[in-house]
Amino acid sequence: MLFVVNDQDYFFSHRLPIALAIKEKGFEVHVACHAGTWVDSRFEQFGLIFQKLPFCRGGLNPFNELKTILALVRLFKRLQPTLIHLVAMKPVLYGGVAAHFARVPAIVSAVTGLGSIFVDKISRKSAFIRRIIVFLLKISFHHNNMRVIFQNEDDLRFMVDSKRLSSDKARLIKGSGVDLSEYKMVTESSEHPPVVAMASRLLRDKGVFEFVAAIRILRNREIQARFWLIGSPDDQNPSSISFDDVSNWENEAIIEYLGFRNDIPDLFSKAHIVVLPSYREGMPKCLLEAAACGRAIVTTNVAGCRDTIEPGRTGILINPFDSIALADALETLIIDSNLRRSMGIAGRSLAEKEFKIEKIVDAHLHIYDELINLAGKI
């Protein structure tokens, strides 16, 4: 079994339980990704075998991209995996193309979101890149024995209805799951003023600027709350917020910047509201974690985000790009503690029903078994 992912941190935060489950079934599990100058010691700790790849998440240099595809072909031929699991857009595109040349018997492709290229409908550059991606997707999805996993119904329908993927290959699994034993339901703190937390990569597409604009609106309304911004800029993403922006917001006392953190369960237990005003997602893990911790959520009515809540019951949906609507929703929950507590309780119930990690792992194992059985008949 071979996983191909963009980076090590993402693998451990989003795919480790699945890898350990297939390992328990007797598979030798390899993980291929970009490593930079170091390899995470957890690969060895969990009995996983690391394979280094020349991946660059943000680059579009044709020579480097071809180099990555050729490296994947060589890796697939050397390992001869029974099954490969490609996670996120570049691994799906390049791994799918490489699998044709290496004659890999079974493929799982996980489309974790269509990304900023599909959000930007205006610029010529985005339109050009989108055409290239669509062309490569058609090649990648042409394998006879594969399944393509989507995290939300919008992305699945887009690919199937546009004839880029046959419906028999498409599967829906809602997100990467959440460990309910780690993200526990905690009664919200009586601390005043309430804490509003946004935890994500610091990208324009995540709605960071709308979050800051909404905070300014609430300050003008004299609404009392603390606002945490959790995460770090991503210098490989063209939509990244700069550190200068973050410093300016700190200096204005707009936000409390916590940076990249590994203690999200503890932070969410201390927060009162979790917000993600993103433009488009696959299925944002931070909102699943917020629901598991019993926190009311404010998010946007876009693909992926709307799938994480039951509007009016576990959180509030607003339109994307709308800072005033975001401020209004946050004001409602900041002022009405009973409403946000009831939403938090309902959110935990939703997480237990739909998002627990055991359900997500079982769904993946079922797909693996299906493909492996078919591979033996081809």
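Helix axes are taken here as lines fitted to C-alpha atoms over the stretch in contact, and angles run from 0 to 180 degrees between N-to-C directions. The model is predicted, so local features need pLDDT of at least 70 and side-chain atom pairs count only at pLDDT 80 or more, while totals for chains, interfaces and linings use all residues. Residues are numbered from 1 along each chain as its sequence is written, and side-chain values use heavy atoms, with hydrogens and water left out.

Helix H12 (residues 285-292) and helix H14 (residues 337-355) have axes that come within 7 Å and cross at roughly 120°; helices (H or I, at least four residues) and strands (E, at least two) are DSSP runs, numbered from the N terminus. On the H12 side the contact (heavy atoms within 4.5 Å) is made by Leu-288, Ala-291 and Ala-292, and on the H14 side by Gly-344, Gly-347, Arg-348, Ala-351 and Phe-355. Five of these residues are nonpolar, two polar and one charged, where Ala, Val, Leu, Ile, Met, Phe, Trp, Tyr, Cys and Pro count as nonpolar, Asp, Glu, Lys and Arg as charged, and the others, Gly among them, as polar.

Leaving out residues up to four places away in sequence, Pro-277 touches Met-198, Lys-206, Gly-207, Phe-211, Thr-300 and Leu-326. With Leu-326, 49 residues apart along the chain, the C-alpha separation is 7.7 Å.

His-30, in strand S2 (residues 30-34), is likewise buried, because its relative accessibility is 8%. Its side chain joins that of Gln-51 in a polar contact of 3.0 Å; such a contact is a pair of N or O atoms within 3.5 Å, where within protein one must be able to donate a hydrogen and the other to accept it, and residues adjacent in sequence count only if both atoms are side-chain atoms. Beyond neighbours within four places in sequence, the contacts of His-30 are Met-1, Leu-2, Phe-3, Ile-49, Gln-51 and Leu-79.

Some backbone geometry also deserves a look. Most residues other than glycine have a negative phi, and most peptide bonds are trans. Ala-88, in the loop between strand S4 (84-87) and helix H5 (89-102), has a positive phi near 85° and is buried because its relative accessibility is 10%. Glu-222 has a positive phi near 65° and sits in the loop between helix H9 (208-220) and strand S9 (226-230); Glu-222 is exposed because its relative accessible area is 65%. A cis peptide bond, with omega about 0°, joins His-192 and Pro-193, and Pro-193 lies in the loop between strand S7 (170-172) and strand S8 (195-199).

Key: Buried means under 20% relative accessible area, exposed over 50%, partly exposed in between (1.4 Å probe, protein chains only).
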